[in-house]
Amino acid sequence: MDCTCKNEIYPFSRIKNSDTMVVYDAFYFLRGDKYRKNLEALKAELFTQGIQLDRIQQSVLWRHVGRKECDVRKHAHMLLEEMKPVKYILFAGAEVTQVFFNKKVSDLYGLKVESDIIGKDKLVVVAPSITTINSAPIGEFRDAIRFFANERRNHDAR
Ligand SMILES: [Zn+2]
């Protein structure tokens, strides 16, 4: 389903045949250096756990910058379509977590969560929002990513 909002929708790179995805709230990298540092920190944490960010899917709830007039459900629907082919999903955004699980990210991070909408056959883990990675204690992020990677390995071994 296309978003019928009038905002320009940015495409994002899809990595074919990747079974793993990280979802963010928005394309923060359009906002410059501060976000790029967050992304580098995330990349390093994932790499420590054997996951290469460049080789997995990344997607966002909001696929454009301006968004006040948007219907979030349409964007959530677009994201759901993106999530269909993958098995392992790391939520790293506060808003996307709120939209899909109706809870604050701080109540869920480091936990495996289930969603009827996303599909219970998928492994879904919530991490703190990537916007906080360089301000929150890194341990919170590290623990969530380690948990995700471990669960993913166990899931694979089944
Ligand atoms: Zn929109």
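Author: A residue counts as buried if 20 or more other C-beta atoms lie within 10 Å of its own, exposed if 12 or fewer, and partly exposed in between, with C-beta atoms placed from the backbone. This is a predicted model: local features need pLDDT of at least 70, side-chain atom pairs count only at pLDDT 80 or more, and totals for chains, interfaces and linings use all residues. Residues are numbered from 1 along each chain as its sequence is written.

Reader: How do you know which residues sit on the face turned away from the buried side of helix 1?

Author: That face carries the exposed Asp-33, Arg-36, Lys-37 and Thr-48. Buried in helix 1 are Asn-38, Leu-42, Glu-45 and Leu-46. These four cover an arc of only 100 degrees (taken from the directions from the helix axis to the C-beta atoms), so they lie on the same side of helix 1.

Reader: Why are strand 2 and strand 4 said to stand at the edges?

Author: Two strands pair if DSSP finds at least two bridges between them. The open sheet runs in the order 2-1-3-5-4, with mixed pairing. Strand 2 (57-60) and strand 4 (112-113) each have a single partner strand, so one side of each is left without a neighbour in the sheet.

Reader: What makes strand 1 and strand 2 a pair?

Author: They're joined over four bridges, in the parallel sense, and the definition asks for at least two. So they count as paired. Tyr-24 stands opposite Val-60 in strand 2.

Terms used:
Helix = DSSP H or I, 4+ residues; strand = E, 2+ residues; numbered from the N terminus.
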